[in-house]
Amino acid sequence: YLWFANPLVVFNDETISNGGKSSSSVSTTYEGVHIFITVKTTINKVGTVQVPAGKFQDCRNVSFDMVVQIYGTSAPLIMHNVWTLAPRVGKIQVEVVDQNDHYLDTSELISGTVGGVDVRNLQWRPDLTPIYNILLDD
């Protein structure tokens, strides 16, 4: 495991609500090797998204580029991901893209529960305030 003194902030309440861009960096040393990570994030409103688990409104696309530089190596590791987030559910779609923007893999939510509630019951309703649940551990 790697431990960082400061958190890597991918987005905040302002950017998830209104869209926008952010950038964050952290570094650590592991067994004498210095590791530097930078994440650049762009968030856009995408409206309604259909996945096997249901149809979700007021969704956001979170596109992020993560650059991992291990000092002493020649080239950084670059990862590009796009998450689609649904209010009250979190990630409903994840796309993995290479550094040339070629799609490598797409995963979609097919079923599940959030707080013991079936996600099909968490589809958009006008009486609910959007809340974006983010689980970073898959």
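Modeller: Glu95 is a residue of strand β5, which covers residues 90-97. The model is a predicted one, and the values below are computed from it. Is Glu95 buried or exposed? Its relative accessibility is 16%, and the limit for a buried residue is under 20%, so Glu95 counts as buried.

The contacts of Glu95 show what lies around it. Apart from neighbours within four places in sequence, Glu95 is in contact with His80, Asn81 and Val82, and also with Tyr103, Asp105 and Thr106. Thr106 is 11 residues away from Glu95 along the chain, yet the C-alpha atoms of the two are separated by 4.4 Å.

The sheet gives the setting for these contacts. Six strands form an open sheet in the order β1-β2-β3-β4-β5-β6, and the pairing is antiparallel. In this order β5, the strand of Glu95, has its place between β4 and β6. The edges of the sheet are taken by β1 and β6, the latter covering residues 103-108; each has a single partner strand, so one side of each has no neighbour in the sheet. From one strand to the next, the twist averages 20°. As a general point, strands of a sheet pair through backbone hydrogen bonds, either parallel or antiparallel.

Ser24 lies in strand β1. With a relative accessibility of 11%, and with buried meaning under 20%, Ser24 counts as buried. For Ser23, the bridge partner in β2 is Lys40. In total, 11 bridges join β1, residues 20-30, to β2, and the two strands run antiparallel. Their hairpin has two residues between the strands, and Glu31 in this hairpin takes a positive phi near 50°.

In soluble globular proteins generally, nonpolar side chains tend to be buried together.

For the chain as a whole, there are one helix and eight strands. Starting at the N terminus, the elements run α-β-β-β-β-β-β-β-β. The protein has 138 residues, of which 31% count as buried. Its accessible surface comes to about 8700 Å², and carbon and sulfur atoms account for 52% of this. Of the contacts between residues at least 6 apart in sequence, 44% join residues at least 24 apart.

Last, the confidence of the prediction. The mean pLDDT of the protein is 82, with 87% of the residues at 70 or more. Over residues 134-138 the pLDDT stays under 50, and the model has six contacts for this stretch beyond four places in sequence.

Terms used: Residues numbered from 1 in each chain as written. Predicted model: local features only at pLDDT ≥ 70, side-chain atom pairs only at ≥ 80, totals over all residues. Heavy atoms only, no water. pLDDT = per-residue confidence, 0-100. Contact = heavy atoms within 4.5 Å. Helix = DSSP H or I, 4+ residues; strand = E, 2+ residues; numbered from the N terminus. Buried < 20%, exposed > 50% of the residue type's maximum accessible area, 1.4 Å probe, protein only. Areas by Shrake-Rupley, 256 points an atom, 1.4 Å probe, with all protein chains shown as cover. Pairing = 2+ DSSP bridges. Axes fitted to C-alpha atoms, helices over the stretch in contact; angles between N-to-C directions.
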